[in-house]
Amino acid sequence: MSPLELIADRGKVIAEAPSAEPMAVRGLTVSYGEKPAVFSVDMAVPEGSMSAIIGPNGAGKSTFLKGSLGIVPKVAGEARFFGKPLDRVRGRVAYVPQRASVDWDFPARVIDVVMMGLYRQIGLFRPFGKSNRSQAIDCLERVGMAEFAQRQIGQLSGGQQQRVFLARALAQNADLYLLDEPFAGVDMATESAIVSVLKGLKSEGRTVVAVHHDLTTVRSYFDRVALINVRKLAEGPTDTTFTSEALQETYGGRLADTQLATLQQANG
């Protein structure tokens, strides 16, 4: 065991009994070499909430999400989903990666990408039927992309591509939706459409967690927030957690007084 593993293991908080929350992370540490990208982070996500993970560039926000899902290896800690390891409830969890991490030259149509979200439902090697196609079209309609069903995915704009990947997640009919920077590089119309869909999921009792970068929209989009800068600095309801003091601690004093004033005004 490396020195980093020993330190992380000492700081780890393990629940006495598995939590039934949609997502419960305890003591998660992810390292690139001996430098931790995320260090001993805990996070508990209540059912039916819409949570933002915020922090400065390089703070480990996306790494935290990927480490929780096992996309990148962790040094220490654990993540449970609905009280169980991910591989036992994978069908209840949908993940939307950063758009920049996707190979958009892959020769697939929009409808094909969305139907990929149905593989767990119908089986990997079974053919799609008319009802499956209808499901996919319904998901595209929810994100305003049904008219592009036959378009090659690489021919779409960035915002359109993001909508398609959200439609694929909707096709999974999950209970927990994890999104990595869903609003990065999209136009305002796309952002508004995505927010509307996510709030619709919340109203249905689903749970949403998103890595988010625009501090001016945190209060209007999310009811919970976690502030991360390698470590977790704060977590809780947005009204009481998203404060000037917490932001200054998280961003290391890099937010100028004018930025804070703008945030306070934007968030009421």
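# Questions about a predicted fold

Reader: The face of helix 7 that is turned away from its buried side carries the exposed residues Met 188 and Ser 203. Which residues of helix 7 are buried?

Author: Please keep in mind that this is a predicted model. A residue counts as buried when its relative accessible area is under 20%. In helix 7, the residues that pass this cut-off are Thr 190, Glu 191, Ile 194, Val 195, Val 197, Leu 198 and Leu 201.

Reader: What arc do the buried residues of helix 7 cover around the axis?

Author: Thr 190, Glu 191, Ile 194, Val 195, Val 197, Leu 198 and Leu 201 are the buried ones. They lie on the same side of helix 7, because around the axis they cover an arc of only 165°.

Reader: How far does helix 7 reach from its first C-alpha to its last?

Author: Helix 7 runs over residues 188-203 and has 16 residues. At 1.5 Å a residue, a reach of 22 Å is expected. The model comes close to that, with a reach from first C-alpha to last of 22 Å.

Reader: Which residue caps the N-terminal end of helix 7?

Author: Look for a side-chain oxygen that lies 3.1 Å from the backbone nitrogen of Ala 189. The residue that provides this oxygen, and so caps helix 7, is Asp 187.

Reader: What arc do the buried residues of helix 5 cover?

Author: Asn 132, Ala 136, Cys 139 and Leu 140 are the buried residues of helix 5. On the other side, Lys 130, Ser 131 and Glu 141 are exposed. The buried residues Asn 132, Ala 136, Cys 139 and Leu 140 sit on the same side of helix 5, because they cover an arc of only 100°.

Reader: Is Ala 174 buried or exposed?

Author: Ala 174 is found in the loop between helix 6 and strand 6. Leaving aside residues up to four places away in sequence, Ala 174 touches Gly 91, Arg 92, Val 93, Ala 94 and Arg 206. Its relative accessible area is 0%, so Ala 174 is buried.

Reader: How many Å separate the C-alpha atoms of Ala 174 and Val 93?

Author: Along the chain, Ala 174 and Val 93 are 81 residues apart.

Reader: Val 93 belongs to strand 5. Which residue in strand 6 is the bridge partner of Val 96?

Author: Strand 5 covers residues 93-96, with Val 93 and Tyr 95 buried on one side and Ala 94 and Val 96 buried on the other. Strand 5 and strand 6 run parallel and are joined by four bridges. In strand 6, the bridge partner of Val 96 is Leu 179.

Reader: Is Gln 155 buried or exposed?

Author: Gln 155 is found in the loop between helix 5 and helix 6. Exposed means over 50% relative accessible area. At 55% relative accessibility, Gln 155 therefore counts as exposed.

Reader: How many residues of strand 2 are buried?

Author: Strand 2 takes in residues 35-45 and pairs with strand 1 in the antiparallel sense over seven bridges. Strand 2 has 11 residues and is largely enclosed by the rest of the structure, because the number of its residues that are buried is eight.

Methods
Residues are numbered from 1 along each chain as its sequence is written. This is a predicted model: local features need pLDDT of at least 70, side-chain atom pairs count only at pLDDT 80 or more; totals for chains, interfaces and linings use all residues. Side-chain values use heavy atoms; hydrogens and water are left out. Helices (H or I, at least four residues) and strands (E, at least two) are DSSP runs, numbered from the N terminus. The expected span of a helix is 1.5 Å times one less than its number of residues. Buried means under 20% relative accessible area, exposed over 50%, partly exposed in between (1.4 Å probe, protein chains only). The arc is that of the directions from the helix axis to the C-beta atoms. A polar contact is a pair of N or O atoms within 3.5 Å; within protein, one must be able to donate a hydrogen and the other to accept it, and residues adjacent in sequence count only if both atoms are side-chain atoms. Contact means heavy atoms within 4.5 Å. Two strands pair if DSSP finds at least two bridges between them.
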